[in-house]
Amino acid sequence: MKTLRLRTLNCSHAAPPACGRARRRSAAATALLLNVTVAASLLAAPRPNILYIMTDDHAAHAISAYGSRVNQTPNFDRIAKEGVRFDHVYAVNSICTPSRATIITGKYSHLNGCPTFNRFDGSQPTVAKHLQAAGYHTGMIGKWHLGSDPTGFDYWIVLPGQGVYHDPAFLVPGGRTNFTGYVTDIIADLAIEFIQKRPKDKPFFLMCHHKAPHRSWEPNDKYKAIFANKQIPEPPTLRDDYTGRADALRENQQRVFDDMTRRDLKLEPPADLQGPERQKWLNVKPTEVEIVVNGQKKLLKGEELNKWKYQRYLQDYLACIQSVDDNVGRLLDFLDKTGLAKNTVVIYTSDQGFFLGDHGLYDKRFMYEESIKMPFLVRWPGVAKSGSVQTAMGINADFAPTFMDIAGLKVPADMQGRSLAPLMKGKRPADWRTSWYYRYYHDPGHHNTRAHYGVRTDTHKLIYFWRKDQWEMYDLVKDPDELHNLYNDPAQAGTVAKLKAELYRLKKELKDDDRYADEQPPGGVDGPFSALQGKAKKKAK
Ligand SMILES: [Ca+2]
């Protein structure tokens, strides 16, 4: 299946003019901006390659290594089996653009300037720039979603905005290029090509970012057919009635039963509908759906429709993941065959988690476990113990410091996270964090989700919806599904007071001065595809 669908890849490692100029500009700027200390002893040793594979919206509970009840993922599991599975890694602002900005800067949203879906200022320091300046060959392939051209990369080819699943266009320095095929296969093809064409005298750092399994959940034909016949178990909290919780859960519009559109459910519009009328039809959230069963028409409504919506959602979502699993397997096989595996750290993660009907929801955003928890699997041959599990809490702001540490570089003082490398080696530093801070701003956003911040400890979670002045507190040991809000329980007053003190201690320590509390920067990472194409062309002049 995997012939390369490349038509006009106009930036290759052979350094055609546009790419070469970009690299020289970037390297010069980096040299001026960055203060990178390379450990002298490591210059002589072969520094490990870093293959960072990230999907979009892949919940850890849709990976069998994490005990999934809904699918089997042999290739993600292989990384866990041959390396370490982190069970508590979290996104500090659970939506796409902010998580990606945090990952490449090692900073929270209020300091990297990306609290919502606004354009990332690529002139600031990033881990890619640091690694590039330290002699790594750096690449960025796939979904970027930061609205500005990638900086710090010797090679980049990224989807415009969200990109599309079938026959995608990609942006490259100074232009764009079109592909035929399925986006997940193409991104893996490009990753393999990047590694094959790398300068052999340098270690590589590759960010391979899949679009899947982001909404609109469009699988390839093979897995679409396979999953169409599967019945997926429902999660225990699918019919959560939100008793005792703040208003936010009741007000949100990311509910499987109420907010799935005809487009989400892959319903076919009447043939005579065109243009805006067709889009209007697809955007309806249906309360009745007619399906065909054994050649007979059947009208679904009420609980029968609810069950059907959940199945349609999960079937497509999981089918998209299966293609990612296949392609992760291809990359692992490629590393094995080329002998690169032994000196390459492979990391698999997602930009945040996702609700798979948990609490009746799809999407992410909320500070509940399914949304904030990122899968994080690491294979580091000879360093990370095979089949090990790490339970210490990591955050996505730790990723950039981790890459620095793996490369033998000093972690810059302005990064707010901390290297996970000791944890990968099975060593939990005595002073490792026992709490971390979360903040979500996008209110009302795409799903009418209330802004909130909070603190999670090893055992508890406190959430504050600051515009509503409402609180939730959960005991994660006794109530892992987060169904019982204990904030107003008099017996919990002492715990609440301690959590509040910790929340505000962290907020201060992280220099969060509420700068985006009332007003967020304008959007800029999505928008019409034509505008993104236009931006790329304009940059070329
Ligand atoms: Ca995402």
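1. Start with one pair of residues. In β16, Tyr-453 has Tyr-464 as its bridge partner. Strands pair here if DSSP finds at least two bridges between them. Helices (H or I, at least four residues) and strands (E, at least two) are DSSP runs, numbered from the N terminus.

2. A word on the source. This is a predicted model: local features need pLDDT of at least 70, side-chain atom pairs count only at pLDDT 80 or more, and totals for chains, interfaces and linings use all residues. Residues are numbered from 1 along each chain as its sequence is written, and side-chain values use heavy atoms, with hydrogens and water left out.

3. Next, the whole protein. The secondary structure comes to 17 helices and 17 strands. Of the 541 residues, 62% are buried. Buried means under 20% relative accessible area, exposed means over 50%, and partly exposed lies in between (1.4 Å probe, protein chains only). Contact means heavy atoms within 4.5 Å. Among contacts with a separation of 6 or more, 69% are between residues 24 or more positions apart.

4. Back to the sheet. Four strands form an open sheet in the order β14-β15-β16-β17, with antiparallel pairing. The edges are β14 (435–440) and β17 (470–475); each has a single partner strand, so one side of each lacks a neighbour in the sheet. Neighbouring strands are turned by 15 degrees against each other on average, direction ignored. For such angles, axes are lines fitted to C-alpha atoms, for helices over the stretch in contact, and angles run from 0 to 180 degrees between N-to-C directions.

5. Look at the β16 and β17 pair. Six bridges join these antiparallel strands. Is β17 enclosed or open? Five of its six residues are buried, so β17 is largely enclosed by the rest of the structure.

6. Helix α16 (residues 493–509) lies across β14, β15, β16 and β17, and runs at about 110 degrees to β15.

7. Now find the calcium ion. Which protein atoms are its donors? They are Asp-56 (OD), Asp-57 (OD), Cys-96 (SG), Asp-351 (OD), Asp-351 (OD) and Gln-352 (OE1), at 2.1 to 2.7 Å from the ion. Donors are N, O and S atoms within 2.8 Å of the metal (3.2 Å for Na, K and Ca); water is not among the atoms, so sites may look incomplete. Along the chain, the donor spacing is D-D-x38-C-x254-D-Q.

8. Check the geometry of that site. The six donor atoms subtend angles of 52 to 161 degrees, which makes the arrangement irregular. For comparison, ideal angles for six octahedral donors are 90 or 180 degrees. Asp-351 and Gln-352 are both buried. Asp-57 is buried too, with a relative accessible area of 1%. Asp-57 is in the loop between β1 (49–55) and α3 (74–82). Its phi is positive, about 75 degrees, although Asp-57 is not a glycine.

9. Tyr-242 also deserves a look. Its phi is positive, near 65 degrees, in a residue other than glycine. Tyr-242 sits in the loop between α8 and α9 (247–251). Tyr-242 is buried, with a relative accessible area of 5%.

10. Inspect the loop between β7 (204–209) and α8 (221–228), where Pro-213 is found. The peptide bond from Ala-212 to Pro-213 is cis, with omega near -5 degrees. Ser-216 lies in the loop between β7 and α8 as well. A cis peptide bond joins Arg-215 to Ser-216, with omega about 25 degrees.

11. Finally, compare two residues. Leu-332 lies in helix α12 (residues 302–337) and is buried, with a relative accessible area of 1%. Leu-332 and Asn-75 are 257 residues apart in sequence, yet 8.3 Å apart in space, C-alpha to C-alpha. Glu-288 lies in strand β8 (residues 288–293) and is partly exposed, with a relative accessible area of 42%. Not counting residues up to four places away in sequence, Glu-288 touches Leu-299, Leu-300, Lys-301 and Leu-305.

Note on methods. Four donors count as tetrahedral if all angles lie between 85 and 135 degrees; four count as square planar and six as octahedral if opposite donors are over 155 degrees apart and all others between 65 and 115; anything else is irregular.
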